[in-house]
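This briefing is intended for a reader new to the structure. Please keep the sequence and the model in view while reading.

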Amino acid sequence: MIKDLKAFLDKKSEQYNNPSFIKEDPVSIPHSFTKKQDIEIAAFFAATFAWGNRISIINKSKELMCMMDNAPYQFVTQHKEIHLKKFLYFKHRTFNTTDLLHFIQFLKHHYQHYKSLEAAFFPPLHSVKREIKAAFFPPLHPVERGLGGEVEQALIHFHNYFFSLEHSPSRTKKHISTPQKKSACKRLNMFLRWMVRKDKNGVDFGIWKKISHAQLICPIDVHVARVAKRLNLLQRKQADWQAALELTEHLKKFDANDPVKYDYALFGLGIIEKFY
């Protein structure tokens, strides 16, 4: 019964969507900051590192923030080339120095033009036209307005923009996914959830306002996919972009205004409770 499943998922969402969840999750990294830009940068790196063991993700994110003097916005916008030498041996799984230096270069460039990282995903229309006219990044491919809507377009735009800088390393593309390549974009969707979603529980930040909770896409990986299939919320075999859309559409039946709140339930059931 849909009503029973909704009640079950609501209960599990409440169980995990609370301040006690923060400490042992990568979202704890941006929660160490109060300045908007610091939160954005810390969250972006924490989300990028978010695959594998959560303790390792948190520790490596803390290490990077420490290397940035625990002032990431100030560091990326004001550093000199000599300051980058400290990152020569930085590594997290397959994320290495080459990737990190490009991330820093991109962030510095972006914040020279915009006050918030939100504009990298949801740019003002006049800015997009100006940048395309100046060949700042490749023209955006039109995206059919389907289930992915604004988020799908935002992720494709961000990918194009992120790799528009001169000498962007091709190897770094493995760390910034895009729906155009059918990726589930799990880490970017999680990052968007942190930035866009807001409720009284205080785990997500809700500092971005260009889109609503209802437009977000549920992050999905193999663990969430297994739980979703057991609960008959997902039929698709691959944990890809279409699977993320399918799952989100099912979750909208339980709460059309805030479907991704159930990410807490699915994550908790999959990672913590091993509900397969």
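Helix H2 (residues 36–48) and helix H5 (residues 97–113) cross in a right-handed manner. A crossing is right-handed if the near helix is turned clockwise from the far one by less than a right angle, and left-handed if anticlockwise. The model is predicted, so local features need pLDDT of at least 70 and side-chain atom pairs count only at pLDDT 80 or more, while totals for chains, interfaces and linings use all residues. Residues are numbered from 1 along each chain as its sequence is written, and side-chain values use heavy atoms, with hydrogens and water left out.

**H2 with H5**

- The axes of H2 and H5 come within 13 Å and cross at roughly 150°; axes are lines fitted to C-alpha atoms, for helices over the stretch in contact, and angles run from 0 to 180 degrees between N-to-C directions.
- H2 and H5 are therefore roughly antiparallel (angles over 145 degrees; under 35 is roughly parallel, 65 to 115 roughly perpendicular and the rest oblique).
- Gln37, Glu40, Ile41, Phe44, Phe45 and Thr48 of H2 make the contact with Leu100, Phe103, Leu107 and Tyr111 of H5, where contact means heavy atoms within 4.5 Å.
- By class, the residues of this contact are seven nonpolar, two polar and one charged (Ala, Val, Leu, Ile, Met, Phe, Trp, Tyr, Cys and Pro count as nonpolar, Asp, Glu, Lys and Arg as charged, and the others, Gly among them, as polar).
- Helices are DSSP runs of H or I with at least four residues, numbered from the N terminus.

**H2 with H9**

- H2 also packs with helix H9 (residues 186–196), at an angle of about 150° and with axes 9 Å apart.
- The two helices H2 and H9 are therefore roughly antiparallel, and H2 passes H9 in a right-handed crossing.
- On the H2 side, the residues are Ile39, Glu40, Ala43, Phe44, Ala46, Ala47 and Thr48, and they meet Arg187, Leu188, Met190, Phe191, Trp194 and Met195 in H9.
- This contact of H2 with H9 has 10 nonpolar, one polar and two charged residues.

**The nonpolar core**

- The largest nonpolar core holds 89 residues, and Phe45 and Phe121 have the most contacts inside it; such a core is a set of buried Ala, Val, Leu, Ile, Met, Phe, Trp, Tyr and Cys residues joined through side-chain atoms within 4.5 Å.
- Helix H2 contributes the largest share of this core, eight residues.
- Not counting residues up to four places away in sequence, Phe45 touches Leu64, Met65, Met68, Phe95, Leu100, Phe103 and Leu107.

- Val196 lies in H9 and is buried, at a relative accessible area of 4% (buried is under 20%, exposed over 50%, partly exposed in between, with a 1.4 Å probe and protein chains only).
- Beyond four places in sequence, Val196 is in contact with Gly206, Trp208, Ile211, Ser212, His213 and Leu216.
- Leu216 is in the loop between H9 and H10 and counts as buried at 2% relative accessibility.
- The C-alpha atoms of Leu216 and Glu150 are 8.5 Å apart, although the two residues are 66 residues apart in sequence.

**H10 with H12**

- Helix H10 (residues 222–230) and helix H12 (residues 262–272) pack at about 105°, with axes 8 Å apart.
- H10 is therefore roughly perpendicular to H12.
- His223, Val224 and Val227 of H10 make the contact with Leu266, Phe267, Leu269, Gly270 and Ile271 of H12.
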